[in-house]
Amino acid sequence: MKDTYILGIESTCDETSSALLKNGREVVSNVIYTQIDIHKKYAGVVPELASRAHAAKIASVIKAALGDIVPDYIAFANGPGLPGGLLVGRVAAETLGNLFEKPVIGVNHLEGHLLACEFTGGPELAPLEFPLISLIVSGGHSELWLVKNYGEYKILGKTRDDAAGEAFDKVAKLLGLGYPGGPEVSKQALKGDRNAVKFPRPMIGGGCEFSFSGIKTAVSYYLRDHKDISVPDICASFEQAVAETLVKKAIDAAKRYKVKNIAVGGGVAANGLLREILTKEAEKQGIKARFVMKGLSSDNAAMIALCAAKKLEYGKDTGNIKINPNMVVRSWPKK
Ligand code: KG4
Ligand code: ZN
């Protein structure tokens with residue numbers, strides 16, 4: 001049988017990426033140009049600079065991912081994300097669609113983060129086990145979903161203010177650490193005492209909604225009010241508070257909806273403490289927790305191509321490729 005190739009394009013935030021997925025499962029290439037060096041002096045993503053960098057890099061990134069293959073489908077993330085980056089992705093995808101006379105598929109970036117949990121690093125996927133609770137934690141989003149099958153979602157809750165990754169980034173900035181903040185805070189935390197400061201566990205009993213701006217404010221008040229501070233202790237205590245909050249909410253949701261699987265995706269899924277506590281606590285409840293493999297937790301186009309492959313297999317692609325910076329997750333129309 002003829003091989004099928006899906007070209008993925010990702011440009012929602014600060015990574016310009018393109019990937020080629022063979023037969024819906026094998027990552028042939030996954031080229032990622034990260035803009036971290038451009039944004040790090042501002043300790044956050046500057047949208048205008050991000051758009052310009054996407055526009056400058058997208059052609060070479062796609063060329064490197066594609067090689068001499070003519071793809072059967074072109075998939076791109078059409079939301080949620082920064083408008084400028086989304087536009088660059090759409091123009092690239094439509095141009096290639098016209099050039100190769102192939103269909104263009106719009107994919108929700110956050111669904112990509114969930115599906116990335118199937119990648120194993122080898123030619124085969126490890127299929128998700130449904131029903132599951134999906135915890136998506138990134139720099140822009142913190143969400144819990146009940147997922148009954150591919151493309152069958154119920155959103156249980158989101159953050160009311162900052163995302164978990166954003167809290168890491170902001171705390172890193174307060175402490176004068178580098179960007180992105182998550183890995184920097186984690187590195188410091190390894191040398192600190194996780195019980196040194198009792199930061200709040202925001203909305204811990206409050207269902208599936210999150211709020212991470214309070215904990216960042218608590219860190220800033222702590223810094224204001226204390227002279228002799230230990231950066232490792234603050235990082236360790238902060239990380240403990242965030243991880244405990246995420247774990248409690250994910251497990252509560254699994255218990256409430258009586259599901260035995262939790263899947264964690266997004267940049268914060270790389271967090272070692274979150275992985276450790278969630279795995280241990282879930283096990284105690286007879287729940288299996290799985291995480292996206294480390295190299296694919298941050299934004300990448302392989303997850304976008306995989307999401308398109310699942311959409312072709314399990315749902316009906318509506319052909320809607322409008323970009324939507326505030327896109328929410330919706331179930332796919334049935335075939
Ligand atoms: O998914 P992602 O690459 O981009 C968005 O879609 O936002 O996530 C980036 C976020 C950043 O906020 C970064 O600080 C956080 O993920 N992050 C981490 C870790 N690695 C990345 N947060 C905590 N621990 C980590 N090890
Ligand atoms: Zn992301």
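Reply: What follows is a set of questions and answers on the metal site, a helix pair and some backbone features.

This is a predicted model, in which local features need pLDDT of at least 70 and side-chain atom pairs count only at pLDDT 80 or more, while totals for chains, interfaces and linings use all residues. Residues are numbered from 1 along each chain as its sequence is written, chains are lettered from A and ligands numbered from 1 in the order in which they are written, and side-chain values use heavy atoms, with hydrogens and water left out.

Me: What coordinates the zinc ion (ligand 2)?

Reply: Donors are N, O and S atoms within 2.8 Å of the metal (3.2 Å for Na, K and Ca), and sites may look incomplete because water is not among the atoms. His109 and His113, each through NE2, and Asp299 through OD coordinate the zinc ion (ligand 2) at 2.0 to 2.1 Å. Along the chain these donors follow the spacing H-x3-H-x185-D. His109 in helix α4 (residues 109-115) and Asp299 in the loop between β10 (288-291) and α10 (302-314) are 190 residues apart, a pair that links distant parts of the chain; helices (H or I, at least four residues) and strands (E, at least two) are DSSP runs, numbered from the N terminus.

Me: Why is the site of the zinc ion (ligand 2) called irregular?

Reply: The angles among its four donor atoms run from 93 to 145 degrees. Four donors count as tetrahedral if all angles lie between 85 and 135 degrees, four count as square planar and six as octahedral if opposite donors are over 155 degrees apart and all others between 65 and 115, and anything else is irregular. The site of the zinc ion (ligand 2) is therefore classed as irregular.

Me: What makes α5 and α8 roughly antiparallel?

Reply: Axes are lines fitted to C-alpha atoms, for helices over the stretch in contact, and angles run from 0 to 180 degrees between N-to-C directions. The axes of α5 (residues 164-174) and α8 (residues 231-256) come within 11 Å and cross at roughly 175 degrees. Angles under 35 degrees count as roughly parallel, over 145 as roughly antiparallel, 65 to 115 as roughly perpendicular and the rest as oblique, so the two helices are roughly antiparallel to each other.

Me: Which residues of α5 and α8 meet?

Reply: Ala164, Ala167, Phe168 and Val171 in α5 meet Phe238, Glu239, Val242 and Leu246 in α8, where contact means heavy atoms within 4.5 Å. By class, this contact has seven nonpolar, no polar and one charged residues, with Ala, Val, Leu, Ile, Met, Phe, Trp, Tyr, Cys and Pro counted as nonpolar, Asp, Glu, Lys and Arg as charged, and the others, Gly among them, as polar.

Me: What is said of phi at Ala43?

Reply: Ala43, in the loop between α1 (36-39) and α2 (47-66), has a positive phi of about 55 degrees although it is not a glycine. Glu101, in the loop between α3 and β5 (104-108), likewise has a positive phi, near 55 degrees.
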